[in-house]
Amino acid sequence: MNFGKKQKKLSNPYLISYLSFALLCCVALTIIFLYINVQNVKRDQALQNRDKLLLITKDLEQQMDTFNNINLQISITKAYQPFYFKMNKYYEQTLLKDFPQYRSYSPLSDEYFLYYFGEESIFHSDGFTIRLDIYLENLKKEERQTLKQMLNQRENITRILPVHDCFYIFTPIWISNIEAAPTAMLVFVINNDTLNSRFQTVSGGLNGSLALYSGTKFLYTNQADAFSLNQKKILSGSTENEFFSVYFLPDYSNTSVFNIFPLHVLLILAVIIFCLSTGIIFAYHSYKPIQTIIRKYRQTLNLSEEAHFKNEMDEINYMMDSILQNNITANTQLEQKQEILRIQILQLLINGRYSFDVQPYLNQVKLFFPGPYFFVINISFNKQEEGPGRDFFVELKGLIEQLSEPREGKYVYGLLNPEQKHIYVMCSIMAPDKAYELTENVQDLAESFEYEPVIGRGNVYTDLSKLSASYLEALDNVHKSVLPHKDSGLEAQKTIYEQNELYRISGALSYGNKEAAGEALNGYIQNIENSNLSILMQQYIFTNFLSEITRVAREYHIELSHQSLSLIIAAKNIKNFKEAAESIIYDFCSKFLQQKNRIMEDESYRVFQYVNEHFSDYELSIEKVAEVLKTNTAFVRTAVREHTGKNYKDYLIFLRIDYAKDLLVKEKMTVAEVCQKVGYSNISYFIKAFKACTGVTPANWRRG
């Protein structure tokens, strides 16, 4: 066979592809190697940074131990006993000479001072005494107030106060063993520059952002502003008691992450040479099967004599295109025959010629009628003198068949009759109540075009062989204009009325809103009147209304009058029903409001109000409340807990202490007067209760 004059063949077309792929592999392997190298360097740096962070936390623990040792040494030294240095000025000078020696104990703090509770002066680490106000005058007002408050907190807790360029560590001291609480406060001043220098010395140098926290309290950073702790690369460490937490964000910008040796370079070159050689070998071996295939099929395909090919690949592409074109032509012919068979089977179904012999062909042409309910919808466009063309019917049929939902067991198929301007829609559904919804969907699609349709629907059957009966009924309904369009005929055939207005009525009744319930009732009546329902359907709707109203009444424990219920049951028309419904709504709302008023006067609420109004009375015991309100103590306890969530005693203390806090701040009354004003006769008990609730004494509360 003559294939035409062939052009000079090109070189192996695979060669460039394989060499390109080999080069890409070389680049990828180089990148992977460099990436692994970078990750190893970063991992080593991360381990070093973690070790440095561990050294910093260990050093912080040692410094805190040093501060505690200084605290302990001062507490057992006689020279620091208040009774000792106060008896003679010489002893005070001895204390001042001894006090600076502790500056050499810790490299973190070369400044510290000792404050005795109730005194106006402090002992400074430089060997002098100074008034506390003068020492703190360089601080901001808020910082001075906070520092004074922390100085006077006599709890055995080490505290920290950060300021703009340093932070203070407060360590309480028991100077005397007979004291129940600390008598002095030893305060260390940690300068940020000193702390930064110490961190760098201990760690051997850190390149990055460093921050120090105590709990959630920010203390120090070596940057201008504190950085976010939510970043992935942040390293953290804490002291054993978790008093200090150190966070470090490494900076790799100035760090070299490449560490390549000559051996690595040789290895990369060897891999490149290997990949290129492999690519060349694969290119030649891959091209051989192509040449074999061409030689085999060159004699079997009827190629055009005018065909010219650059190389074997161009020739095999031409062969594949010819084969695909032949397959497409065959598939198109098969689909056309299948569509013809599909239309014939649908015509058999609506013409009443269905038999079990047809069943095997349904699945073959992709027709599914799982049922168990079947019906037909007829869409007619006969009213138009110049009706739509065939393209319109084909488009509408495609849209209607898209209403199928296999997951819900709903299948819809259309059969065209463009000559008579009809579309027959055959439907298979799982529940009969889906028929109306599906009919509405079909009507909405038909009415979405410029042509006015007439819709008719046949009855629903449980046998596929009865589909022809539903088809005839649909035709009859179209001729009788039973379902002309959605605004008239279809609405007249509704057997399921809308219940939104009924739910609006029950919703309004649940709030006792008579006006809203009446408005919803009017809408409900209007809906019934517009539905043109049969007498039997009206009775069903009246019964449904009564069921919903009695359900709401049971929910709110309201007893409806028997007269109102009887009027609903006896209603024979819409007018009688409306009058009875208005009566029962009025009855319900009246009783609802009465019940609400009774709740407001509930005995439990009276107990709660009485305690709120008389909490400052002396001896307001639970027995007295029960006696005054003529009830029992158990009911009083329950009532107070229901309204407050607290037991009676705790709630009474809460009211009195809360009132006392306001009096201490707003009134110029002594603590004793406040004690009596809030209902306590024992001032010691009052102070103890006040401190238990607030954490401070009444006097300290007023000063704070």
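Strand S12 and strand S13 (residues 422-429) run antiparallel and are joined by seven bridges, where helices (H or I, at least four residues) and strands (E, at least two) are DSSP runs numbered from the N terminus. This is a predicted model, in which local features need pLDDT of at least 70 and side-chain atom pairs count only at pLDDT 80 or more, while totals for chains, interfaces and linings use all residues. Residues are numbered from 1 along each chain as its sequence is written, and side-chain values use heavy atoms, with hydrogens and water left out.

**The sheet**

- Four strands, in the order S12-S13-S11-S14, form an open sheet with antiparallel pairing; two strands pair if DSSP finds at least two bridges between them.
- Strand S12 (411-417) and strand S14 (454-457) are the edge strands, each of which pairs on one side only.
- From one strand to the next, the twist averages 20°.
- Asn-417 stands opposite His-422, which belongs to S13.

**Helices on the sheet**

- H10 packs on the sheet and touches strand S11 (373-380), S12 and S13, where contact means heavy atoms within 4.5 Å.
- The direction of H10 makes about 170° with that of S12; angles run from 0 to 180 degrees between N-to-C directions, and axes are lines fitted to C-alpha atoms, for helices over the stretch in contact.
- H11 lies across S11, S12, S13 and S14, and runs at about 25° to S11.

**The helix pair**

- Helix H10 (residues 390-401) packs with helix H11 (residues 434-447) at an angle of about 150°, their axes being 10 Å apart.
- H10 and H11 are therefore roughly antiparallel to each other, since angles over 145 degrees count as roughly antiparallel, under 35 as roughly parallel, 65 to 115 as roughly perpendicular and the rest as oblique.
- Leu-396, Leu-399 and Ile-400 of H10 make the contact with Val-442, Leu-445 and Ala-446 of H11.
- By class, this contact of H10 with H11 has six nonpolar residues, no polar and no charged ones; Ala, Val, Leu, Ile, Met, Phe, Trp, Tyr, Cys and Pro count as nonpolar, Asp, Glu, Lys and Arg as charged, and the others, Gly among them, as polar.

**A loop residue and the whole chain**

- Ser-510 is found in the loop between helix H14 (500-509) and helix H15 (514-531), and counts as buried because its relative accessibility is 18%; buried means under 20% relative accessible area, exposed over 50% and partly exposed in between (1.4 Å probe, protein chains only).
- The protein chain has 25 helices and 14 strands, and buried residues make up 39% of its 704 residues.
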